[in-house]
Amino acid sequence: MHRGLRIPEVVELICAAAEPSALAVLSRTCQTFQTPALAVLWATQKQLTNLLKCLPSDVWEEVQNHPGHVHSPIVFRLRRPIASSDLSRVLFYAEKVKNLFIEPPHRLSWIVYEALSLALSVHPLLPNLRHLTWLPPDHVYSHIRMLVGQKLQSITFDVERSRSVGLYLLPYLNVFHPDLSSVEIGPMDLVQSLELKESVYSTIRSMNRLQELKIPDLDIPTTLHLAQLPHLRRLNVGTFHQLFDDLQPELAAMGPAFSALRQFIVYSESPPSVIGFLDVVSPDALSEITVNFGSASSMESEQWRILNTSIARRSFRTLKCVELRERFVFEQDMNDNPAAMISKDSFYPLLICRNLTDVALQTGYGIDIDNDFINKIAEAWPQLETLSLSPKFQASVYIPQVTLAGLIPLAQNCRCLTSLTLVLNATVLDIHPRERPGNGISNEALVKLDVVESPISSPAAVASFLSAIFPELQQVLSREDEERNTLAPHWEEDVEKWDMVGDLVQFFASTRAQENHNPAPAAQ
């Protein structure tokens with residue numbers, strides 16, 4: 001055996017990169033590979049089926065749920081009760097399981113859970129489990145105690161799915177796992193019981209070591225509790241509609257609020273609630289902000305300006321990722337209204353955030369960006385890796401102002417840019433046909449370009465330009481028919497032309513690769 005394989009870290013890296021079929025082979029190769037290969041192979045499990053198949057063959061069988069039906073699902077069924085002596089192989093592999101996902105479709109009936117619970121001793125089935133997604137059938141909720149040990153760090157569950165959440169799960173978490181660091185709670189929109197909602201909030205308020213929380217909504221006491229947590233790094237709030245004006249005096253008395261928060265994700269109906277939250281967050285804490293606005297109508301330029309100013313003021317030193325998107329119902333009246341466009345001035349405040357790496361700005365009907373604005377972005381955000389500037393609905397009166405020449409500053413200054421989404425006016429060929437595009441500027445990082453609904457005239461000229469400044473470009477995409485809500489003029493023709501651009505770019509790239517691999521012989 002090569003002496004490099006005697007280093008455990010090397011063997012673990014090999015196993016971590018291997019496919020499941022290869023891991024099964026490696027685990028049977030030799031003792032060196034057996035333990036690390038089995039650890040990776042069993043680390044993540046969907047359902048308990050694989051584990052239960054380690055029971056003796058006379059204990060279980062797989063049958064059609066509805067015999068005779070062609071598309072009837074296969075379910076796991078017991079042929080006899082499970083004895084404690086049947087569990088030796090199951091327990092051997094169960095201790096290697098770190099992540100378990102119990103979610104539909106379910107192949108195990110409640111009878112299997114009952115039988116397994118009776119066969120086990122007081123020790124949990126999965127003593128080393130770290131993450132649990134627990135979305136079982138209603139009458140199985142109480143069996144969580146049979147599965148989980150004291151090492152559980154993360155749990156995902158759904159409040160709407162079952163009344164048993166309040167009866168079994170929440171009290172269990174309160175008593176046995178107050179030190180959970182990550183909790184994800186499903187929707188509560190259909191939950192009518194105020195007692196159940198309060199039980200959810202009370203459970204969260206009992207946890208003092210939370211690092212990540214995803215929750216449909218927050219009440220004021222829970223918000224105040226979260227604001228004081230010293231390790232809360234990620235907060236995802238499904239519906240954010242409360243204002244923070246009444247909370248500010250209390251939060252000010254507590255000292256720095258959300259001091260460890262790095263990532264904030266929210267779905268909000270309007271900017272004021274988001275701005276109110278940002279005003280109470282400790283300055284220079286956030287590195288990622290994602291806001292999805294679900295208002296009945298599109299936001300106006302002034303609302304965008306106030307929001308962006310608030311974001312920049314609080315986090316201009318630390319912010320790396322910002323994603324702001326509008327999601328609302330299409331309005332025909334706005335489609336033909338030039339005023340629906342958002343002024344680019346509304347986004348100038350974000351330009352002071354010099355460390356941004358990922359930016360996605362999606363307004364209802366677009367932003368009136370031009371080459372000058374793209375140039376300012378390229379100068380302000382040189383560390384960009386992904387950039388998306390696209391409308392939710394492209395107004396029929398909208399004529400893109402960014403031309404092909406506007407891409408040159410991005411190619412020159414953003415050397416790490418790998419993905420770009422931008423509406424271009426590719427009918428304006430503001431490039432000299434006899435000059436090399438961008439005076440020889442070349443950016444080898446960009447591999448994906450999404451042009452949304454961009455007009456185009458000459459596919460060959462556009463492909464030649466793109467291939468010259470982005471030689472590693474692999475994908476040129478345009479918005480698919482099912483994603484479009486308005487049709488730009490001649491769009492069907494433009495789709496075909498952009499498809500041609502994509503084909504030509506790939507052809508140029510393959511030709512260039514062949515030339516580099518087989519250089520022409522030097523002249524005699």
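Phe 176 is partly exposed, since its relative accessible area is 40% (buried means under 20%, exposed over 50%, partly exposed in between, using a 1.4 Å probe and protein chains only). Tyr 172, on the other hand, is buried because its relative accessibility is 4%. Both sit in helix H8 (residues 164–176), 4 residues apart, or about one turn of the helix. Helices here are DSSP runs of H or I with at least four residues, strands are E runs of at least two, and both are numbered from the N terminus.

## A word on the model

What you're looking at is a predicted model, where local features need pLDDT of at least 70, side-chain atom pairs count only at pLDDT 80 or more, and totals for chains, interfaces and linings use all residues. Residues are numbered from 1 along each chain as its sequence is written, and side-chain values use heavy atoms, with hydrogens and water left out.

The protein chain has a mean pLDDT of 85, with 88% of its residues at 70 or more (pLDDT is the predictor's confidence in each residue, from 0 to 100). Over residues 481–487, though, the pLDDT is below 50, and this stretch has 10 contacts in the model beyond near neighbours in sequence (a contact means heavy atoms within 4.5 Å).

## Aromatic pairs

How many aromatic pairs does a search of the whole structure find? The search turns up 11. Rings of Phe, Tyr and Trp (its six-membered ring) pair if their centres lie within 6.5 Å; planes under 30 degrees apart are stacked, over 60 edge-to-face, and the rest tilted. Tyr 172 and Phe 176 have ring centres 5.2 Å apart and planes at 35°, so they're a tilted pair.

## Around Phe 258

Which residues touch the most other members of the largest nonpolar core? In this core of 140 residues, they are Phe 258 and Leu 407. A nonpolar core is a set of buried Ala, Val, Leu, Ile, Met, Phe, Trp, Tyr and Cys residues joined through side-chain atoms within 4.5 Å. There's also a second, separate core of 6 residues, including Val 11 and Cys 15.

Phe 258 and Phe 277 are both buried. Leaving out residues up to four places away in sequence, Phe 258 touches Phe 277, Leu 226 and Val 280, among others.

## Cysteines

The disulfide count is 0, taking a disulfide as a pair of cysteine sulfur atoms within 2.5 Å.
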